[in-house]
Amino acid sequence: MTPVLGLMVAQNIAFYVIAAIMVLAGLRVVTTNNVVHAALYLVVVLAGVAAQFLILGAEFIGVTQVLVYIGAVIVLFLFGIMLTRAKIGREDVTDHTGAVRGAALFTALLLTAVTVYSVLDWFRDVELPTETRTTTAQVSDSIFSQYIVAFEATSVLLLAALIGAIVIARKE
Amino acid sequence: MYLSQFLVLSAVLFSIGVYGVLARRNGVLVLMSIELILNAVNINLVAFGAFHGNIAGEVFALFVIAVAAAEVGVGLAIVLLIYRNRRSVDLDQVDTMRG
């Protein structure tokens, strides 16, 4: 049960520090009344996810996370905020009130309890291998051989989404 | 490192995202909460991929990222359309399809 101390201590410390920052920023994403602040806290969470990918040794997907999410998706969100809001700042219609919010909080807490309990029940003492690093070459070999059909389907999906978004959002 | 560290972090982020989807009325904020959920799933995929020494987890996480990008594009287009028609992104007021 006791892990080998010394070798993985640095990763563990990094994991817990980043995880704490991610959870706090995530809570701010769903509680702040300022929509722009929510988007900026979301940047912190996404950067934390990228850091966790790097801790897990997944270099390519960590870099992809930074490029796609922090580089593109957040910019899309900020455009959406700017195009749908007259004023930048606090807004009073961001959240439900009363019973709906209580029900949402209850659902989230119940979901947390059930998932955390079941995860710990099954995987409490399961250790990761000490060497989990995967290279970009391995990822590309896998994508362009075994998963080539899914990859092509993804490209068609992206094209369809692009055209669909233009058709939906254009002025008549 | 334990596998359960990453799984618990993912479960907590997932629950935060579910709370955001249920408790928010602003359409853009609901889309942000969905991004939280998808990222929690990605952490799970990569962690299990590392645990099994299998590249498939990372490959599927890449597909999830691509689908999430497409979803944000279409979702924001829909939110813009709602805003243009109603001058508001309050999802409570979008009830024309209510039976």
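Leaving aside its neighbours within four places in sequence, Thr84(A) is in contact (heavy atoms within 4.5 Å) with Val28(B), Val79(B), Leu80(B), Tyr83(B) and Val89(B). The model is predicted, so local features need pLDDT of at least 70 and side-chain atom pairs pLDDT 80 or more, whereas totals for chains, interfaces and linings use all residues. Residues are numbered from 1 along each chain as its sequence is written, chains are lettered from A and ligands numbered from 1 in the order in which they are written, and side-chain values use heavy atoms, without hydrogens and water.

Thr84(A) belongs to helix α3 of chain A, residues 59-84; helices are DSSP runs (H or I) of at least four residues, numbered from the N terminus. Thr84(A) counts as buried because its relative accessibility is 5%, the limit being under 20% relative accessible area (1.4 Å probe, protein chains only). The side chain of Thr84(A) also reaches the backbone oxygen of Gly80(A), at 2.7 Å.

The view now widens to the two chains. The contact involves 85 residues from chain A and 66 residues from chain B. Together the chains A and B bury about 6900 Å², of which 76% lies on carbon and sulfur atoms; buried area is the accessible area (1.4 Å probe) that two parts lose on being put together, summed over both.

One salt bridge is found across the interface of chain A and chain B, a salt bridge being a side-chain nitrogen of Lys or Arg within 4 Å of a carboxyl oxygen of Asp or Glu. Arg24(B) forms a salt bridge with Asp95(A), with the closest N and O atoms 2.4 Å apart.

How values were computed:
Helix = DSSP H or I, 4+ residues; strand = E, 2+ residues; numbered from the N terminus. Buried < 20%, exposed > 50% of the residue type's maximum accessible area, 1.4 Å probe, protein only. Polar contact = N/O pair within 3.5 Å; in protein donor to acceptor, adjacent residues only side chain to side chain.
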